[in-house]
Amino acid sequence: MDRIVEEALRISDATGDFTVTQLAAKLGVHPSSLYHHVAGRDEVVDLMRARIARAIDNSAFGQVPWDEALRKLAWSYRAAFARHAGSIRLFATALIRDKESLAEYDRIADGLHSAGFPWPEILPIIVAFDSFVLGSALDLASGGNINAPDPQLHPALSAAVEASESGAHPADAAFEAGLTALLTGFRHRLGSP
């Protein structure tokens, strides 16, 4: 089973997706042989997502305030998915069914509700958080995609790029800025009637 998951991750990291036929070919088996180990492509996707979820540290919920727990989770979540950036589109568009991921989301929902967020607010917060973190994982994996614009044509952008080169890694600085903005917005929602 581990070989199936590892190869499926390799294929989707390289191409953004995979088929059972591609996976079987990479494993050197007939596609029907895979069905002795997995029920189908959807189960492979579940196993891939579960593998990545095990690398995410979600232990802070219930130990520290909700916003600190989300901050810690965000950095771990981003790092885990940045290692599989090519597969993000696949995960972002596939239903979440694996027990490990669902348990993680349940922990987040419980932590947010315990902090005082009403149930109708929780799913939008989780989806916004996911969208931001997954997009940031792509940014981190890209190594930064704004590079030395012509200062004559783009003076303001050139100044921003030049200033960012002396500080933290641009992807880390952008992630911290966005995460702080998200958490500030979530705190505001919690404090609003």
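Select helices H5 (residues 66–82) and H7 (residues 99–114), and look at how they cross: the crossing of H5 and H7 is left-handed, a term used when the near helix is turned anticlockwise from the far one by less than a right angle. The model in your viewer is a predicted one, in which local features need pLDDT of at least 70 and side-chain atom pairs count only at pLDDT 80 or more, while totals for chains, interfaces and linings use all residues. Residues are numbered from 1 along each chain as its sequence is written, and side-chain values use heavy atoms, with hydrogens and water left out. Helices are DSSP runs of H or I with at least four residues, strands are runs of E with at least two, and both are numbered from the N terminus.

Stay with this pair. The axes of H5 and H7 come within 10 Å and cross at roughly 155 degrees, where an axis is a line fitted to C-alpha atoms over the stretch in contact, and angles run from 0 to 180 degrees between N-to-C directions. H5 is therefore roughly antiparallel to H7, the word for angles over 145 degrees. Now show the side chains: Trp66, Leu70, Leu73 and Tyr77 of H5 meet Tyr105, Ile108, Gly111 and Leu112 of H7, contact meaning heavy atoms within 4.5 Å. Of the residues in this contact, seven are nonpolar, one is polar and none is charged; Ala, Val, Leu, Ile, Met, Phe, Trp, Tyr, Cys and Pro count as nonpolar, Asp, Glu, Lys and Arg as charged, and the others, Gly among them, as polar.

Next, select arginine 78, which also lies in H5. Arginine 78 counts as buried because its relative accessibility is 2%; buried means under 20% relative accessible area, exposed over 50%, and partly exposed in between, with a 1.4 Å probe and protein chains only. Not counting residues up to four places away in sequence, arginine 78 touches Val133, Ser136, Ala137, Leu140, Ala171, Asp172 and Phe175. The side chains of arginine 78 and aspartate 172 are joined by a polar contact of 2.9 Å, that is, a pair of N or O atoms within 3.5 Å, of which, within protein, one must be able to donate a hydrogen and the other to accept it, and for which residues adjacent in sequence count only if both atoms are side-chain atoms.

From there, move to helices H8 (residues 119–142) and H10 (residues 170–191), whose axes come within 10 Å and cross at roughly 175 degrees. H8 and H10 are therefore roughly antiparallel to each other. The residues of their contact divide into 11 nonpolar, two polar and four charged, including Phe129 and Phe132 in H8 and Asp172 and Phe175 in H10.

Follow H10 to arginine 187, which is partly exposed, with a relative accessible area of 35%. Leaving aside neighbours within four places in sequence, arginine 187 is in contact with Trp66 and Asp67, and its side chain makes a polar contact of 2.7 Å with the side chain of aspartate 67.

Then select alanine 60, in the loop between helix H4 (41–53) and H5. Alanine 60 is buried, with a relative accessible area of 9%, and touches Ala69 and Lys72, not counting residues up to four places away in sequence.

Finally, show the whole chain, which has 10 helices and zero strands. Of its 193 residues, 38% count as buried.

Key:
Angles under 35 degrees count as roughly parallel, over 145 as roughly antiparallel, 65 to 115 as roughly perpendicular and the rest as oblique.
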